[in-house]
Amino acid sequence: MSELRLATLVPLLIADAPAKAAATLALDAALAVDAGAVIAEPAGIPGRPERPRLVEHIQLKPPSMRTPAGISALVHAIAHIELNAIDLALDICWRFPGMPEAFYRDWLRIAQEEAKHFTLLREHLLSLGFDYGDFDAHNALWDMAERTKHDLLARIALVPRTLEARGLDASPAVKRKLVGAGDRKAGEILDVILHDEIGHVLAGNRWYRFLCERRGLDPITTYAELAERHQAPKLRAPFNLEARRAAGFDEAELAALTNP
């Protein structure tokens, strides 16, 4: 396939999780970009494996962290987030026409980094005696993708700048939990993920501001309106302010976050 946006549909539609990650990593970042093409949505987005079983977030009952299964369940939960993140980055490439070429190249790079994260986590999970799909998971990330599929501004505001930025906040505590339970390898993988995710949220902030400027909108008031309209989760402390600053949130945005 010779065009980048169409090419991203190939891994997006793959159901097998490791194969999806491998196909994403195999995408050619040098492919030409047809930014103006309006692509009809095919059936089956996103391709998903039969396992894990998807349940409501409140139904998840992970085993105790004092057991190998508990450690593995937490690693599995992070892997599931990264798999969703592959789909989200691929989906934004094909779905939304009319952006600069750099936009699509940014999100392909992000999809490939998410695929690297998923692969690292799955390999670690295998070393612990489990595999992706062995524990239940939830669908909250993709639910937000569905709610924002008709508005690129909302998608960027509420996925990279909200749900993925929340990962920046959660990362230190999750790392402490895993390392405290004796899983130093998982802690090392989380360091890689945090470094890359700062860059992903930074891209989200850059393109969010680009769209706000293009549409003549104030970024802070617009974000609050979009969060309410699309029922984004309420963000609660603690916040990783250092990582959020590195990811491009300005002081006015951080003040709105910490003093709602």
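This is a predicted model: local features need pLDDT of at least 70, side-chain atom pairs count only at pLDDT 80 or more; totals for chains, interfaces and linings use all residues.
Local features need pLDDT of at least 70 and side-chain atom pairs count only at pLDDT 80 or more, while totals for chains, interfaces and linings use all residues. Residues are numbered from 1 along each chain as its sequence is written, and side-chain values use heavy atoms, without hydrogens and water.

Select helix H6, residues 140-147; helices are DSSP runs (H or I, at least four residues), numbered from the N terminus. The buried residues of H6 are Leu 141, Trp 142, Met 144 and Ala 145, where buried means under 20% relative accessible area (1.4 Å probe, protein chains only). They lie on the same side of H6, because they cover an arc of only 155° around the axis, taken from the directions from the helix axis to the C-beta atoms. These residues pack against helix H4 (68-95) and helix H7 (152-180).

Next, select Phe 103, Trp 107, Phe 118, Leu 152, Ile 156 and Leu 178, which have the most contacts inside the largest nonpolar core, of 62 residues. Such a core is a set of buried Ala, Val, Leu, Ile, Met, Phe, Trp, Tyr and Cys residues joined through side-chain atoms within 4.5 Å. Helix H4 gives the most to this core, with 13 residues. Apart from it lies another core, of ten residues, including Val 201 and Phe 249.

Finally, select Val 179 in helix H7. Leaving out residues up to four places away in sequence, Val 179 touches Arg 184 and Gly 187, contact meaning heavy atoms within 4.5 Å.

How values were computed:
Buried means under 20% relative accessible area, exposed over 50%, partly exposed in between (1.4 Å probe, protein chains only). Helices (H or I, at least four residues) and strands (E, at least two) are DSSP runs, numbered from the N terminus.
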